[in-house]
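Good morning, and thank you for coming.

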Amino acid sequence: MEYFLTEEQKTIKSLARKIAEERILPVRAELDEKEEFPWAIMKDLADADMFRVFVPKEYEGLGYGCLELCLVVEELSRICSGVAVSYAASALGSFILIDYGSEEQKRKYLPDIASGKKLTAFALSEPTAGSDAAAIKTTAEKVEGGYVLNGTKQFITNGGEAEIYTVIALTDKTRGARGASAFIVEKDTPGFSFGKKEKKMGIRASATRELIFRNCLVPEENLIGKLGMGFLMTMRLLDRSRPGIGAQALGIAQGALEAAVDYAQQRIQFGHPLISQPVVQDMLAEMAIQVEAARALVYAAARTVDSGARNFTEASAMAKVFASDTAMKVTTDAVQICGGAGYMKDYPVEKMMRDAKITQIYEGANQVLRNAIAVELRKRKARTE
Amino acid sequence: MNIIVCLKQVPATTEVKVDPQTNTIIREGIKSIINPLDSYALEEGVRLKERCGGKVTAISMGPPQAEEALREAISLGADEAVLICDKAFAGADTWATAYTLAAAIGKLGQYDIVICGRQTLDGDTGQVGPQLAEMLGVAFIAYVSKIEEVAPQRLRVRRMVEEGYEVIEAALPAVITVVKEINVPRLPSLRGLARAKSAAIPVWTAGELGLDPKLVGLSGSFTRVIKVFSPQRTCRGEVLQGELEGQVECLVSRLKDAGVI
Amino acid sequence: MEGESYRGIWVFAEQRQGKLKDVAYELLAKGRELASALKTEISAVCLGYGIDEVDKLIAHGADKVYLVDSPELADSQEDLYTHELVKLIREHKPEIVLAGATAFGRAVIPRVAAILKTGLTADCTGLDIDADKRLLLQTKPAFGGNVMAVITCPAGRPQMATVRPRVFKKNPPDGTRKGEIVKVDFDREGVTSRTRLLQFVEDITERIRIEEADIIVAGGRGLGDGKNFDMLWELASVLGAAVAASRPAVDEGWVPYSHQVGQTGKTVCPKLYIAVGISGAVQHLVGMQTSDIIVAINDDPNAPIFEVATYGIVGDLFKVVPMLIDKLKNR
């Protein structure tokens, strides 16, 4: 379908596809099997300027928006979403810095992020705080010259691999949601260490770890934005990044659809290719419709973010929820179409099915996001009454 | 360093057919690419620049559409590119090609190293590199698998030979041809693609190179292709039949009878 | 025309560290046929230092050997070889010069042709004579062997061609043949080498050099994994064979490049070539199709390798190869 992408957007998409097909495809099964962080591919992405996509021009980036980032994530995910999320997490870890960081902070960190020399990670979740982000317990206590961090962050994508972490911690426990702030913590800061690397169902090429802060002194100048603004910044950040999760899910679904069509065309049963069976045709058609609808929604949400709209909570939640549910359904059906072969690790669809699941869970579980959409509906209704 | 990389645009596949009527190769509908081994040459040129500073100029002799290959070279790290293009250059053999490239390199001015791929996918000769070196009157090293060191006026490389490899030192300027073991070519970058899109690629004709049309292209070539054909293969053997075990036994006895084992 | 003063066929007899390469004998065998068609004589030209058994060139068919044996030529400095070859060719005016398409030959011979302003055809797989026009008809593969071209050099002299080792077969040596060895002093006038050999490192991964092996066991993509080559090494050791590979197997990193047979690898011509899990892309076939006996083991009955195979077994190589090893051990 025609999405009226600009020449530049088409270039970005096709280069991301080239990297995915030439560099990721040959190693994706191995990365999945070994749970190995894809450093070589991060280097390829860096060389191709992919980390510059989301960094402003003033800081050696290319200054593109949410849609361009989504195009890259979609194409990488079409081949391996474990790799894609490692890339996307570096964007996530940079957004608060890009939007709220001081000139000095941006000058110090963004050029290395843009060149791909340093990866970033965003650290919010804790053992007691998943969807209920306000339940975080990590504290940042003001001391002479900075803040002392104590606490544990859980399930942090790029944990251990990234050099730069944006960490949300409570600076004033008494103020609840108004009591959290965002900090830049560099990897080798004393008192900052990593817990075990998680073993995951899917996106196994990506690294997921605990971050442990024990009396970790972070200098004053590493506070991002204003004190107490941590949650507001976080909510805005997640609204902005959710179309990216949608793009990830979209890419997975696209990859699974293509694999299913390939298989259905090759596989002969009862003397005919599977694809000539009406029941299979029906499944494939449904998958294709879902994928295209997800694409339309993800691109539209990304464009809404890029339009400068004040509120895009609803748009980005819709894109994320729909695309991730689509990914789960389409990958499950792809495994079904590929039958016994699809269940085996020699075929890519079982990996895609495992990878799809997380997109319904992270950056806001779909149930929580549906709730948020409903809240927006009620608010709107209330305004018109 | 001034680094020159010679590229050729070739069909993307070697799976070509010969038109039985005209005895020519059917090129229609086949996508063109940078000759794969030339992309290793380009990568090595760009790495050399990243190591020692300087400039990479990509040159290609070919039809107007070879400009695409040069734009791609810019997206992959070349700083400048020149297309050497003239109807008079058509049908050149390796001598006439090397002669024309040498004239273009002469026009580019001072250079330190010229890097070429070992051979092309289509012509498969591997002769342009050494002939170019001879016409430029500089040192030549073929089959380079690693550039070990570059110093002013001097180059130390590994060169593959049948029995292993040799470490060779050469005076600069020099022409080298590279093998695919030398590196892994990078993919284009977004900034490179943007530069490639807007880059001005000058076109140099025989006139601009001051070349006598009689010495270039087909008229400057010593060789003539008198016939082109698809190789014929006839089935000369037998596919053994029966149980697998019996087939293997049969094979062993045939080989014994033939006296090869 | 000027070509009329050029007579005779020359073979550039390449040596390495004083030892002549087989390709010289192969070219002498083919050259003799061409010389008969042209009713002319054939000479070998050999440059180097401390070259052994030069008279073998005569036993293999040379009427005359031009020998330049000088310590200055010990390290195969291409600048010096180019210079000396050009000088000798200008002096003696052969009408045809043949050389091996070896790493050395492919570097030096094009330069000689460039200086002499004459045509050169690379990697010929067939050579013939048009006796009326005294033209060398050179057949060479292009596009990875998918296309063959016949090339002539009507005006330039000598007509020059390189030929890959093992494309032609050498004749058995005839110790009774008579010939003349002409010793030539190296002409150091006006030439210095711009390159210098610092070190030679032998490739030790090649346990038996595939070009010289009588039996080759070759594996391709069908092996599925590098460790499955162990099975081929075992088969090879039972047969006293060398192990080779097709390009996909080399690209996968299962076997070093020095073992690659085909268009971008080596050309081989053993008595027995056993292709295991090799589909037989034309790029591979050009490197091995002149082998005396070709055995193909592949589970795809439509694989092109069966078109050149003397004996084919359609079946699972993981069953066939162990059976074959077993039968050969108990033979």
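A residue counts as buried if 20 or more other C-beta atoms, placed from the backbone, lie within 10 Å of its own. Helices here are DSSP runs of H or I with at least four residues, strands are runs of E with at least two, and both are numbered from the N terminus.

Please keep in mind that this is a predicted model, in which local features need pLDDT of at least 70 and side-chain atom pairs count only at pLDDT 80 or more, while totals for chains, interfaces and linings use all residues. Residues are numbered from 1 along each chain as its sequence is written, and chains are lettered from A and ligands numbered from 1 in the order in which they are written.

How far apart are the end C-alpha atoms of α7(A)? They are 53 Å apart, which agrees with the 54 Å that its 37 residues should span at 1.5 Å a residue; the expected span is 1.5 Å times one less than the number of residues. At Arg240(A) the helix bends by about 30 degrees, and Pro243(A) follows within four residues. That bend is the angle between axes fitted to the seven residues ending there and the seven starting there.

I turn now to the nonpolar cores, sets of buried Ala, Val, Leu, Ile, Met, Phe, Trp, Tyr and Cys residues joined through C-beta atoms within 7 Å. The largest has 267 residues, and those touching the most other members include Ala260(A), Ala334(A) and Val5(B). Helix α7(A), residues 230–266, gives the most to this core, with 16 residues. Beyond its neighbours within four places in sequence, Ala334(A) is in contact with residues including Ala256(A), Ala260(A) and Met352(A). Contact means that C-beta atoms, placed from the backbone, lie within 7 Å.

Finally, the chains. Which two chains have the most contacts? Of the two pairs that touch, chains B and C do, with 68 residues of chain B in contact with 66 of chain C. On the chain B side, α6(B) gives the most, with nine residues. Chain B also touches chain A, through seven of its own residues and twelve of chain A. Chains A and C share no contact, and their closest C-alpha atoms lie 10 Å apart.

Note on methods: Buried ≥ 20, exposed ≤ 12 C-beta atoms within 10 Å, placed from the backbone.
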